[in-house]
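Here is a short report for a reader new to this structure.

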Amino acid sequence: MERIDSLSRRNLLKRGALALASARLSRFAKAQNAPASGPYGPTWDSLKQWRMPEWFRDAKFGIWAHWSAQCVPEQGDWYARRMYLQGDACYDYHVKTYGHPSKVGFKEIDHLWKAERWQPEQLMELYVKAGAKYFMSLACHHDNLDCFDSTHHPWNTTRVGPGKDIVGTWEKIARAHGMRFGVSNHASHAWHWLQAAYGYDPEGPMAGVRYDAYQLSAKDGKGTWWDGLDPQELYTGRNIVMPDGFKTVAEANAWHEKHDRVWDEAPPPANPEFVRTWYLRCKDLIDKYKPDLLYFDDRELPLGQAGLDITAYYYNASLSWHGGQQQAVVAAKEYSPEHTGATMLDIERGRAQGILEAPWQTDTCIGDWHYKRSLFEKHQYKTPEWVAKSLVDIVSKNGNLMLNIPVRGDGSIDEDEHKFLAELGRWMSVHGEAIYGTRPFKIYGEGAPDVSGSHNFNETKARAFDASDIRFTTKGDVLYAFVLGWPADGRVSIKSLAVNNAMYPRKIGSVEMLGGHGRLEFRQESESLTIKLPAKPQDHLDVYAFRIRA
């Protein structure tokens with residue numbers, strides 16, 4: 001996952017080169033019959049015909065296994081890049097644990113990924129019990145290893161590491177459990193993100209010695225475990241190579257931040273082959289697993305025309321799979337106004353400020369995206385209460401929540417994660433009625449603003465919810481009111497539901513608290529609806545709902 005930079009690599013590239021690259025892509029895609037026959041063409045205006053399928057609006061909550069070889073070291077996010085940045089904690093860990101990256105590069109971590117304790121059936125049962133209605137598998141991250149039976153990329157998990165079709169296994173099990181299935185594709189950024197593997201130490205005893213990606217070619221693999229594979233296909237080739245001459249870590253880091261770290265959605269102007277194979281790999285992923293959701297870790301769509309081509313192909317393919325009914329969802333980020341509506345807005349580690357007209361999604365994680373051992377050892381995961389409150393807030397604003405539960409490199413989850421899923425599942429079994437299949441009320445709720453804007457990464461800036469925070473959902477003639485804290489006096493006041501209010505002008509006839517407490521005592525007066533709470537249950541999450549009927 002990516003923390004969005006303020007810099008744009010587009011500003012660093014010549015427009016003529018980008019236009020030429022896009023033209024080549026368009027010609028290539030047409031040659032490959034990119035848009036499957038159907039109403040969608042590879043343009044923004046054509047893609048804006050798309051409408052959100054009802055399955056997604058009803059599902060509300062999904063779980064993501066953001067699982068790749070980067071989970072093997074258990075050091076958290078972006079290991080495949082950070083291990084090549086001298087001075088970074090992952091670099092230090094790698095040198096100490098595996099060796100210097102000139103001799104032991106990330107391809108060796110791919111090889112070490114064996115998934116020997118992976119029990120996907122048991123994990124899926126946990127996810128279902130936790131309340132998930134859809135599941136997403138990571139198909140390929142910025143490290144450029146395909147986690148599926150990839151026809152067009154030999155660096156995939158059927159040949160390297162686990163020796164398994166990870167995506168295909170997840171897909172069969174998820175569908176057997178009645179879940180919708182999604183895949184995430186992050187590989188469009190590999191061409192710049194992984195360029196650190198071509199660098200070198202600017203300081204120390206190995207100063208100036210280039211890392212493995214710079215040194216290796218297919219012929220070097222003879223007699224090794226990677227015999228027959230070309231490391232340049234994994235590391236994407238020399239696109240933005242760190243120049244010689246840096247003498248300090250600070251100088252090298254400044255260069256990386258200005259060049260290969262910049263979050264670029266454009267095609268690499270000097271490497272059309274990368275985009276050609278990216279397109280074929282993504283098409284292969286769509287054709288083989290027929291996903292209901294395709295997530296791009298990109299602003300708008302990846303790689304210029306190629307992103308438009310593959311989205312049109314996917315939409316048309318979905319129509320053919322489902323008898324003319326559109327069931328496909330494409331998730332991406334940060335749309336300009338003129339492109340809004342072509343796919344679904346995804347907000348990474350963030351929430352919306354208010355009700356968004358079009359359905360949207362938050363993706364977040366209880367820890368790091370890739371497994372980080374120290375978060376477990378220090379018991380620092382997000383709590384079930386935090387997630388339940390966030391889910392309620394998101395659903396009240398017309399959104400869904402997709403939650404990553406980090407998976408260890410061996411395929412297992414830890415004890416805290418087991419406990420988390422069980423506790424969240426207990427809450428969902430009571431409150432799912434007010435979550436699944438609901439739609440937003442006229443207002444999302446009450447309480448002071450908790451986030452500013454509807455942007456990525458605003459969850460860390462949000463204030464804590466309390467008993468003054470009310471969130472509404474509706475289903476049929478029932479209004480649900482969630483309270484995100486337990487008041488000290490045992491009484492909840494909802495100003496929006498006062499007598500003769502504009503939001504809900506009908507006289508309230510009954511108020512019930514979900515969870516079997518029966519009808520509660522209430523007063524609907526000129527200032528508010530006041531509800532008297534029952535005794536607070538033990539082991540209770542401070543987020544609960546009332547079923548309100550006229």
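## Strand β7 and its neighbours

Six bridges tie β7 to strand β8 (residues 399-404), and the two run parallel. Strands are DSSP runs of E with at least two residues, and helices are runs of H or I with at least four, numbered from the N terminus. Two strands pair if DSSP finds at least two bridges between them.

This is a predicted model: local features need pLDDT of at least 70, side-chain atom pairs count only at pLDDT 80 or more, and totals for chains, interfaces and linings use all residues. Residues are numbered from 1 along each chain as its sequence is written, and side-chain values use heavy atoms, without hydrogens and water.

Strand β6 (residues 344-348) also runs parallel to β7, joined by three bridges.

How many residues of strand β7 are buried? Six of its six, over residues 360-365. Buried means under 20% relative accessible area, with a 1.4 Å probe and protein chains only. Trp360, Thr362 and Thr364 are buried on one side of β7, and Gln361, Asp363 and Cys365 on the other.

## The whole chain

The protein chain has 17 helices and 16 strands. Of its 550 residues, 62% count as buried. The C-alpha atoms of the protein chain fill a box of roughly 80 × 50 × 45 Å along the principal axes. Contact means heavy atoms within 4.5 Å. Among contacts between residues at least 6 apart in sequence, 74% join residues at least 24 apart.

Methods:
Buried means under 20% relative accessible area, exposed over 50%, partly exposed in between (1.4 Å probe, protein chains only).
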